[in-house]
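Dear colleague,

I am passing the structure below on to you, together with notes on what came out of it. Please read them with the sequence and the coordinates open beside you.

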Protein chains: 2
Amino acid sequence: VSGARFTVTYAIAGDAAEAAAVARDVCIEQTVEYPEDLITDPAIRGEVFGRVESLVARAPGRHEARISYALDSVGSELTQLLNVVFGNSSLKPGLQVTHLELGPVLAARFRGPRFGVAGLRARLGRPRAPLLCSALKPLGLGPAALAALAYEEALGGIDVIKDDHGLADQPYARFAERVERCADAVRRAAAQTGRPCLYAPNVTAPAPLVAERARLAQRLGAGALLVAPGLVGFDAMRALADDDALALPILCHPALLGSFMVSPAQGLAPAVTLAELPRLAGADASIFPSYGGRFVFTPDECRAIARGAAAPMDGLAPLWPAPAGGMSLARVPEIVRFYGPDTLLLIGGDLHRHGSLRRGCELFRGLVEKA
Amino acid sequence: VSGARFTVTYAIAGDAAEAAAVARDVCIEQTVEYPEDLITDPAIRGEVFGRVESLVARAPGRHEARISYALDSVGSELTQLLNVVFGNSSLKPGLQVTHLELGPVLAARFRGPRFGVAGLRARLGRPRAPLLCSALKPLGLGPAALAALAYEEALGGIDVIKDDHGLADQPYARFAERVERCADAVRRAAAQTGRPCLYAPNVTAPAPLVAERARLAQRLGAGALLVAPGLVGFDAMRALADDDALALPILCHPALLGSFMVSPAQGLAPAVTLAELPRLAGADASIFPSYGGRFVFTPDECRAIARGAAAPMDGLAPLWPAPAGGMSLARVPEIVRFYGPDTLLLIGGDLHRHGSLRRGCELFRGLVEKA
């Protein structure tokens, strides 16, 4: 499909003239990265150069440029797509990626979420209402203690139980033993309740071990996988999601991705980092710090993430937004109102504040059923 | 070595009381990520919690905290080390990682640069003076045109010739054909000049293909490898660097890493992102945008990068700082004075402005020999 293009939206700080200059600079920096005046080949100038499709004022001192690039500059590799979108320009200030428009040809090169909203509902037998997620923590516990927590959470009605993202392969909580025990505990609890429950171990690991740990986790009975693309790269997550021999739901964790987006006018916008990219990379759910918790995203940023998770994306399935980061039972009604039913609600520490962990989970389940 | 700890320095925005609160928060967020009041186990409180080792004022409204963590929280995985250093705290504002102190026990778990400064000098037969690096560009050229550029650059006296980081596996410049032709061109030129010259193809690629491309590149005659850890993850670079069957010098490219550091008081400081982490991950040279070019790093930030590349780091070899990003021949004397002799000078487009590319390279060589 030579000649086909895809489009990236950038927010640019500055007045109209400054924004136009930055947009032109992005067209060169993200493609040929070479003195424009030395390039005479019309094919390179016409096709390879980025092209400003539109440039409009959005607010005082803030413009928005839509810039298109040739699909041929990307091929079909997610790593190179990220490079064309923002590789070198990430090193320049006053510039933020706010939206990706892949178009059907480029989008078809990516599978996207294998399960997504509908697939995870089907697997869990929960046709409506938000899903419940919790975590195994704190760091420092051994496999037996973590498995005991998993058992209580599964009995208490949690749908998806994930490892704390700090659980790796510590000497006191080795990956294989931890996953075996936790998966077994969740299986026993599910047999008791008669309801499916998915255990999602953290397979964020050194590059040569990610796939190996995922396969081991599957053999040991894991029902999903937790991955932090900020630590292993978005394409390592995509490779797991695309693996037909695994075929497990993928939860995306935002560790280290904050640097892409803490500054509100730079980097990759939260909706890109935590919804569009995870979706492109095949995540079925994306964990992010909700407004009102320990982190600083605004309600508007959270709304944009939820929109990016659900909006049409050239045929890629929607994923589950999973607001987290200091949520509490007291906030469940508000959070459900804000995000709606297709939400994976993640509460960690607060479930331990209600007598017993199982009781905390039952209260969580009750609040969600009522909301 | 239970009980052993390593230390991370954070710059914190705020007055003394604010900085103390942030430092305490980091101790919890980066470890147990759990309500502190619910943790009574003295082993977790005493060992697993981060510990504020010092907190000092550095400037009005800016403090510096040194926080230590248990080695057992990391084990020996670079992914988990990054997670403990900054995983969740990357999602909070006003906080910057400015220095890593691994200590000898943790550092010994990483090989670091296989070649480093001395090894690359030996391989190139250049016992003193800066090394010369250039790039094959612009994007849009096919394998034959890129190989012709490589040939001219090698004849002109360049030591290390790298792919443009935008060269991936495009339909018009497939990886295998491009690498074969460019490696062959560089080999022919080196036979003519009698001087070694290393060709460094870009092996930044989808996760399952990185190692495969590196091995193919080696078989085709590549003398080094270019990797962008912002696109594939730092640990994928480490795995390449550690591979004894490859044993090739690694050049680190900063694509997409800018988001970690464009804001001067947030994320990972340039010296951490572009010197300490690449060194820990085994890079032999780190390309970064120098002051005075198309990007915005200050001379102080560039000095810190160069210092981070060379300073003692618990036995890890020093790496080559490779200032780039809009360098020109006119600036060579100044750049050499600023960075000193152990510098890999990278000039791209400007070499094409001096009659012929070979002539541009010869002028570059002459200026460096004189400086």
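How far does the backbone nitrogen of B:Arg359 lie from a polar atom of the side chain of B:Ser356? The separation is 3.0 Å, which falls under the rule for a polar contact (a pair of N or O atoms within 3.5 Å, where within protein one must be able to donate a hydrogen and the other to accept it, and residues adjacent in sequence count only if both atoms are side-chain atoms).

Before going further, please note that this is a predicted model, in which local features need pLDDT of at least 70 and side-chain atom pairs count only at pLDDT 80 or more, while totals for chains, interfaces and linings use all residues. Residues are numbered from 1 along each chain as its sequence is written, chains are lettered from A and ligands numbered from 1 in the order in which they are written, and side-chain values use heavy atoms, with hydrogens and water left out.

To return to B:Ser356, this residue sits in the loop between strand E13 (344-346) and helix H14 (357-370) of chain B, where helices (H or I, at least four residues) and strands (E, at least two) are DSSP runs numbered from the N terminus. B:Ser356 is partly exposed, with a relative accessible area of 35%; on this scale buried means under 20%, exposed over 50%, and partly exposed in between (1.4 Å probe, protein chains only). Its C-alpha atom is separated by 35 Å from that of B:Pro113, a residue 243 places away along the chain.

A serine in the other chain, A:Ser286, belongs to strand E11 (residues 285-289) of chain A and counts as buried, at 0% relative accessibility. The side chain of A:Ser286 reaches the backbone oxygen of A:Leu274 at 2.6 Å. Beyond its neighbours within four places in sequence, A:Ser286 is in contact (heavy atoms within 4.5 Å) with residues including A:Cys252, A:Pro278, A:Leu319 and A:Trp320.

Turning to the interface, 71 residues of chain B are in contact with 71 residues of chain A. The two chains bury about 6,300 Å² between them, 61% of it on carbon and sulfur atoms; buried area here is the accessible area (1.4 Å probe) that two parts lose on being put together, summed over both. Across this interface the rule finds 30 residue pairs in polar contact, with both residues at pLDDT 80 or more. Helices H2 (42-48), H3 (78-86), H9 (229-232) and H10 (234-242) of chain B are the elements that give two or more residues to the side touching chain A, and the largest share, five residues, comes from H3(B). By class, that side of chain B has 36 nonpolar, 21 polar and 14 charged residues.

As for symmetry, a rotation of 180° with 0.0 Å of shift along its axis superposes chain B on chain A, with an RMSD of 0.0 Å (least squares on the C-alpha atoms of residues with pLDDT of at least 70 in both copies). That is the relation of a two-fold axis. The same surface serves both copies, since 100% of the contact residues of chain B recur in chain A. B:Gly233 is the residue of chain B that comes closest to the rotation axis, at 2.4 Å (C-alpha).

Another has A:Lys137 meeting B:Glu33 at 3.5 Å; A:Lys137 lies in the loop between strand E5 (131-136) and helix H6 (143-155) of chain A and B:Glu33 in the loop between helix H1 (16-29) and H2 of chain B, so the pair joins two chains. A:Lys137 is buried at 6% relative accessible area, and B:Glu33 counts as buried at 11%.

Within chain A, A:Asp184 forms a salt bridge with A:Arg188 at 3.3 Å. Both lie in helix H7 (residues 175-193), four residues apart, about one turn of the helix, and they count as partly exposed, A:Asp184 at 31% and A:Arg188 at 42%. Salt bridges that share partners also join A:Lys137, A:Asp164, A:Arg294, B:Asp25, B:Glu29, B:Glu33 and B:Lys92 into one network.

With best regards

Technical notes: Ala, Val, Leu, Ile, Met, Phe, Trp, Tyr, Cys and Pro count as nonpolar, Asp, Glu, Lys and Arg as charged, and the others, Gly among them, as polar. A salt bridge is a side-chain nitrogen of Lys or Arg within 4 Å of a carboxyl oxygen of Asp or Glu.
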